[in-house]
Amino acid sequence: MENYKCPICGNTDIHSIGILNGKPYCRKCISFRGEKVQSIFLHPKEANINLGYSLSNEQTDLSNRLIENYKLGIDCLVNAVCGSGKTEICLGLIQYCIQAGLKVGFAVPRRSVCYELYARFKNIFKNNCVVAVFGGHHNKLIGDIVCLTTHQLFRYNGYFDLLIMDEIDAFPFKGNQVLQKMFENSVRGHYVLLSATPSKELIQEFQKPGKEVLSLFARFHHHELPVPTVKVGNYLKLYYILIKQVRQFIKQNKQIFIFVPTIDESIKTAKLLNVFFHKGTYINSKSPNREELIDYFRDKKMMYLVTTAVLERGITVKDLQVIVFKADHPIYDDASLIQIAGRAGRKKDAPEGEVIFIGETKTEYMERAISEINAANEKLQNMLQGNQNI
């Protein structure tokens, strides 16, 4: 009992270990039970990338460096701004691994993002087997590319030759020692981490031998990131500001994501807006039809979605405007505000977009987010200026 180490999460805390039928078990990861994948041999296969557009010079450079680093056994952290095409940067490495008969996984914390990723990879790698593994969807566990949530990594102990992990700073992966240990256990070969807002500690970790930070501060269309504006007022004035701003965007025929801090707030705010505007609703983690609502929104059957953090990442909508309502709520730190702001201006044919923080006060996190976005834009301009001087 004292020397017991959980084979799933590595837990050795005696207070989190129980006894059942005379055998020890771990309480920390007791929910992670189910079919596990046995290591198998995959034959090398042809893998063609069907993207429909070319990578930028910066993306191509990082793509090549990922492949070379993988061959050299170097794990990478890709620090790239929102909308810079982190997934596209990884396509060449995925292609290389499939053609070499290596096992490839792409993990994200949230199931909605996992499904979107799965759909994208099915279109990009049309002739390869792409599988999606998340809660309630794990009938098929093996493919040329396995798109999975971090909660499903327990099935793949010592399995992946290449594991790519996006949104490493997102809930529920961030700060979860059980999920982080399962990530480590599932890697047989090497890994790539992707983030637009990595911590200083993580960057320092990847500056050690055998690891490397690859940075990209330019979106593929070379337009600057939208810089948020802040609007403040007392509690009642907040709603007046919100209604006025939504009316302005709808008059311009522009769709809007309105982020709010809680599930209750999403329902309450949507009901209020529905009094003034049609063609809008709310979406949160308890919404049973999230994928359907997002499809309706993309088809412009709705003009606004009041949303919690479930749409903070992994969603791209053309010509989107973004409002963070009650942006001074403690749930919003600078990293989450940067991610939310990154929903705007992601498309080449619609690179502009407004981002508005509405709150009773302007917080330090708002100021940090704006400062970091301005810094990224300055680095972009320096890069573009440097290219002109070559």
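## Terms and basis

Contact means heavy atoms within 4.5 Å. Helices (H or I, at least four residues) and strands (E, at least two) are DSSP runs, numbered from the N terminus. This is a predicted model, in which local features need pLDDT of at least 70 and side-chain atom pairs count only at pLDDT 80 or more, while totals for chains, interfaces and linings use all residues. Residues are numbered from 1 along each chain as its sequence is written, and side-chain values use heavy atoms, with hydrogens and water left out.

## The parallel sheet

An open sheet is formed by 6 strands in the order β10-β15-β14-β11-β13-β12, with parallel pairing; two strands pair if DSSP finds at least two bridges between them. Because β10 (229–232) and β12 (280–283) stand at the edges with a single partner strand each, one side of each has no neighbour in the sheet. From one strand to the next, the twist averages 20°.

Within this sheet, β14 (residues 320–325) pairs with β15 (residues 355–359) in the parallel sense over 4 bridges. I323 has I356 of β15 as its bridge partner.

## Helices across the sheet

Helix α9 (residues 334–341) lies across β11, β14 and β15 and runs at about 150° to β14. Axes are lines fitted to C-alpha atoms, for helices over the stretch in contact, and angles run from 0 to 180 degrees between N-to-C directions. Helix α8 (residues 290–298) lies across β11 (255–259), β12, β13 (304–307) and β14, at about 145° to β12.

## A buried glutamate

E312 is in the loop between β13 and β14. Its relative accessibility is 6%, so E312 counts as buried (under 20% relative accessible area; exposed is over 50% and partly exposed in between, with a 1.4 Å probe and protein chains only). Apart from neighbours within four places in sequence, E312 is in contact with R110, F259, S336, Q339, I340 and R343.

## Helices α2 and α3

The axes of α2 (residues 86–99) and α3 (residues 111–124) come within 13 Å and cross at roughly 50°. On the α2 side the contact is made by T87, E88, L91 and I94, and on the α3 side by L117, R120, F121 and I124.

## Two loop residues with positive phi

Most residues other than glycine have a negative phi. N21, between β1 (17–20) and β2 (23–26), has a positive phi near 55° and is exposed at 76% relative accessible area. K279, in the loop between α7 (263–276) and β12, has a positive phi near 60° and is partly exposed at 46%.
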